[in-house]
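Please open the model in your viewer and keep the selection tool handy. We will take the tour one stop at a time.

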Amino acid sequence: MRKYIIKRLVYLVITLLVIATATFFLMHSLPGTPFDEDKISNLSQEQQKQVYASYGLDQPVYIQYFKYLKNIFQGDLGTSTLYTGQSVQSILAARIVPSALVGIQAVLVGLLIGLFLGIVAAYRHNTSMDYLTMVISVLGISVPNFVVAALLQYFFGLKWGLLPVAYWESYASSILPSLALSFGVIAQIARFVRTEMLTVLQQDYILMAKAKGISPVKILLRHALRNSLLPVITILGSITVNILTGSLAVESIYGVPGIGSLFVDTIKANDYSTILGLTLFYSAFYVVVILLIDILYCVIDPRIRLAPSKE
Amino acid sequence: MSCLLEVKNLEINLLTQSGTVKAVRGVSLSLEPKDTLAIVGESGSGKTMTVKGIMKLLPKSGKIAAGQVTFDGKDITNFSDRQMRKLNGSEISMIFQDPMTSLNPTMTIGKQIIEVLSEHKKLSSQKMKARALELLELVGISYPEKRFGQYPHQLSGGMRQRVVIAIALACNPKILVADEPTTALDVTIQAQILDLMKSLQSRVNTSIILITHNLGVVANIANKVAVMYGGKIVESGLIDEIFYQAQHPYTLGLIASIPKIHETANVLKTIPGTPPDLIDPPKGCPFAPRCEKALKVCQLYQPEYTQISATHCSACWLQHPIAKKQTANMSGKESRDE
Amino acid sequence: MQNIELTEDLFCPAETDASDREKISRPTRSAFQDGWIRLKQNKGSVIALAILLILVALAFLGPILTKYNYYDTNYKAIFQTPNAEHWFGTDKFGRDEWSRVWYGTRISLLIAVVAAALDLVVGVTYGSISALLGGKVDSVMQRIIEVLIGIPNLIIVILLMMIMPAGIGTLIIAMSISGWVNMARLVRAEILKLKDQEFVLAARILGTSNKQIILRHLIPNTVGVIVINTMFTIPSAIFTEAFLSFIGIGLQEPKASLGVLINSGFQVINSQVYLLFIPAVIIVLIMVCFSILGDGLRDAFDPRMRI
């Protein structure tokens, strides 16, 4: 097991290095400057040089690159040009909480509702409950999250005025964005759990349990659930991706001051350093989450945890 | 004649995408205490469906269309699921073909044995664990304490099947139904499991219904045999009657196909042809298309059962007096021609 | 008990045709035919396919049906709700929404299909080379994929969009560059699985050449996986394009795509909600239908589900 973890950690570092390098050189091949064209041309040549120097943009590319790498190791992700003067790390730190709140809520709600729907649908296969769940899951997977977010905003916010739709004022402001994000999660989990559960319910050991005279409820809880839920861990990675990418649109729509909306704003403003920092952050986050999920799976499944010993 | 289990004219249908499969078309059998009844037949003959129907373990698409099942004097044909649950596991138990998939991979062996005990018996957890260990020893598993806490994948195939048998016998059932219990195991292990079942039967007083397609297994362990084909029983009787005095062409064909080690053969004897389509079953005897001795009547009408002895009967038109007369005439003619 | 007349002559030997014994009662069908029949039985898939065909037809014919085109502005007719003249109303510049919506659908579909096609070509090539050559080459190619997977797709696309000149071609290339990985993995897994199957071994023993094995056995069995995966790649591409356009990085005005239209609609959500609804409904329909169709295809061609 240990060897596996070490191998994965090595991949993690390699991946991050590749991303850092790629994004760095991508940024530097971009046309245009990160600065506001009008304002810059007002300055004299000397002053322009100074500005460039203060951002380290006057030195040869490879020196910038190594400096960049060194800075990263020290936790310094550079300075933002959009939010002039602020360090990228500090902006990130300030914006993590809203994103985390919305994201985690979305996952929790999605998990709970999704599990419930999936289990019921499989248990009542080919009945109306099953079809309803299938419909919900197809819609949830197909309807783009920004469409959901926009529609929710329209109905719950504007038309019926039930929940706040913009500005980050109170806890209530997080409800709609979380709900919008959770749709995708519900859909994915419900469909997956349903499929797993249907397969499990066909297994011999379920029939064996019936032959033992165990009641259907007990069979469901004791035998079916445990074997169906284990594989759900494998799609947590995909769900994480959905939440990460979905947050870009959802946060922008609802004005949540989180990392997603930050990413969108800085892309539009060509704030290179922040974009770089955010890209690294997202990638690191994603890769770490994947690794944790894989380790979790190894730990929970007894077939993998205990090496088979035959006599 | 205290009949433990009596099945009369059981008919079971399966609803599939392609139509209604008449899987079991009027099966009757009876089981007495201490009997070991072997149900023999090819895949698709209806043997598994029959016993699943008795225990109400049919798939969702399966329904008992007609017939009666009486267990221990009670008519259980229309028992609800809840009523059946009281019997399954405690009075009638079943074990399946593949021991690896019969056991829940994420539950320890011990827990799975205790599960059936706690469902049917009110015992303290200590007593249940003691009983579980006792059962593991009974089925010949060494180091029962250690095995108790292990998972199925940590045991070999033969051991898993022993565990399955232990679970089945935990509540001292009156009937043990074994659906091809040795098919998934190596030949040497097969022998061990069969010996185990025989010794357990005498110790624990359980009647056994054994489903198999292997006549060798039948010879080893059964005292009664029922041969099934095309959803019907074509011949049934005591073991010696079936092996030495078989009357039905199908049974004869099965026995003839067993390779005999003391004979030389270049080509193995088989029964040519394939089993009938049970969505649209043949009008007459299901075996007629493959039978060398088929008569015109065989293709038109289903044969009636002829009692050859008190315990031996066969469903074949060749047993009918008219047919027997013709056979007698034929052999008479032959001997006159010589 | 049957009450039948049993006459002596009924007990004469029957005339049986030996071929009767081996008769298989149901007609033989190839795997493709079987799958196609099962697909047609799946009502959902048939409806989804029908809706998709209608939408595609409208995407190309829609703008022709009306006399207005998608870019002519008319400041005297801005923000009209759907009426007899402008069937879907007009937008903030007075452009005919009907034309714009169908033109946008066309663009979205084209981008998605081309991107999915590129995806397919690169993915299948990479995956099959990796699986067929095996050994060290396979190992290296797999390592590369493992690193690439660690990078969230959208990030790659966004970054690429930033450095390349804006436009449809850029969008397509950006989406393909990150999307092929999935297809490559699937194809490789399928070929590896097939390579080990006994029918391939049997073919080899019979002396079939490698080229024949690839053409006759491996490719036909992989086509299923490829088609089904493409059924899901296309909606994914539509989503990506719409998403990017929505947050402002993809296509922009005056070009129209479903994402651009939804974005414009969203901006006037307070007043002209129909500008949001109409393209939203269309994109949802497209994605739902592809999803159902993809599922239907997968079920229809899955050998295990055959009765």
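**Stop one: a pair of helices in chain A**

Start by selecting helix α5 (residues 88–123) of chain A together with helix α12 (residues 259–268) of chain A: the two pack at an angle of about 130 degrees, and their axes are 8 Å apart. Keep in mind as you look that this is a predicted model.

Now show the side chains at the contact. From α5(A), pick Ile91(A), Leu92(A), Arg95(A), Ile96(A) and Ser99(A); from α12(A), pick Ile259(A), Gly260(A) and Leu262(A). Coloured by class, this contact has 5 nonpolar, 2 polar and 1 charged residues.

**Stop two: where chain C touches chain A**

Next, bring chain C into view. Here, 32 residues of chain C are in contact with 35 residues of chain A. On the chain C side, select α5 (135–149), α6 (153–163), α9 (210–246), α10 (258–267) and α11 (274–300), each of which gives two or more residues to the side touching chain A. Which element provides the largest share of that side? It is α11(C), with 8 residues. Colour this side of chain C by class and you will find 27 nonpolar, 4 polar and 1 charged.

**Last stop: confidence**

Finally, colour chain C by pLDDT: the average is 80, and 91% of the residues score at least 70. For the complex, the predictor gives an ipTM of 0.84 and a pTM of 0.77.

Notes. Residues are numbered from 1 along each chain as its sequence is written. Chains are lettered from A and ligands numbered from 1 in the order in which they are written. Two residues are in contact if their C-beta atoms, placed from the backbone, lie within 7 Å. Helices (H or I, at least four residues) and strands (E, at least two) are DSSP runs, numbered from the N terminus. Ala, Val, Leu, Ile, Met, Phe, Trp, Tyr, Cys and Pro count as nonpolar, Asp, Glu, Lys and Arg as charged, and the others, Gly among them, as polar. Axes are lines fitted to C-alpha atoms, for helices over the stretch in contact, and angles run from 0 to 180 degrees between N-to-C directions. pLDDT is the predictor's confidence in each residue, from 0 to 100.
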